[in-house]
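Student: I have the sequence and the model open. Can we go through them together?
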Amino acid sequence: MTKVIDARGLEPPQPFELAMDAIADLQKGEGFLLLLDRMPHPLLRLLDRDGYRHESRVQDDGSVEVRIDYP
């Protein structure tokens, strides 16, 4: 079962902090789904820099789902 972090409705920097806490707890092969109100461009740059896989999708209601995996 995939862990889901619903950060919609939270004010910055809370969504970023929740994501960073979840990333710190990831073990190789694990991942989670992050739900947000907007595209987290700074977070995505950090994930790229640190070698995490991620996939983002904008939903019909404008919210964003980001799947983050530690390969």
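Tutor: Start with a term. Exposed means over 50% relative accessible area, buried means under 20%, and partly exposed lies in between (1.4 Å probe, protein chains only). Helices (H or I, at least four residues) and strands (E, at least two) are DSSP runs, numbered from the N terminus. This is a predicted model: local features need pLDDT of at least 70, side-chain atom pairs count only at pLDDT 80 or more, and totals for chains, interfaces and linings use all residues. Residues are numbered from 1 along each chain as its sequence is written, and side-chain values use heavy atoms, without hydrogens and water.

Student: Which residues are exposed on the other side of α2?
Tutor: Take the buried residues of α2 (residues 41–50) to begin with: Leu 43, Leu 44 and Leu 47. Their directions, taken from the helix axis to the C-beta atoms, fall within an arc of 100 degrees, so they line one face of the helix. On the other side, the exposed residues are Arg 45, Asp 48 and Arg 49.

Student: What is the order of the strands in the sheet?
Tutor: Two strands pair if DSSP finds at least two bridges between them. The edge strands, β1 (3–6) and β3, each pair on one side only. The sheet is open, its pairing is mixed, and the order of its 4 strands is β1-β2-β4-β3.

Student: Which residue in β2 is the bridge partner of Ile 5?
Tutor: β1 and β2 run parallel, joined by 4 bridges. In β2, the partner of Ile 5 is Leu 34.

Student: Is Asp 60 buried or exposed?
Tutor: Asp 60 sits in the loop between β3 and β4. Its relative accessible area is 88%, so Asp 60 is exposed.
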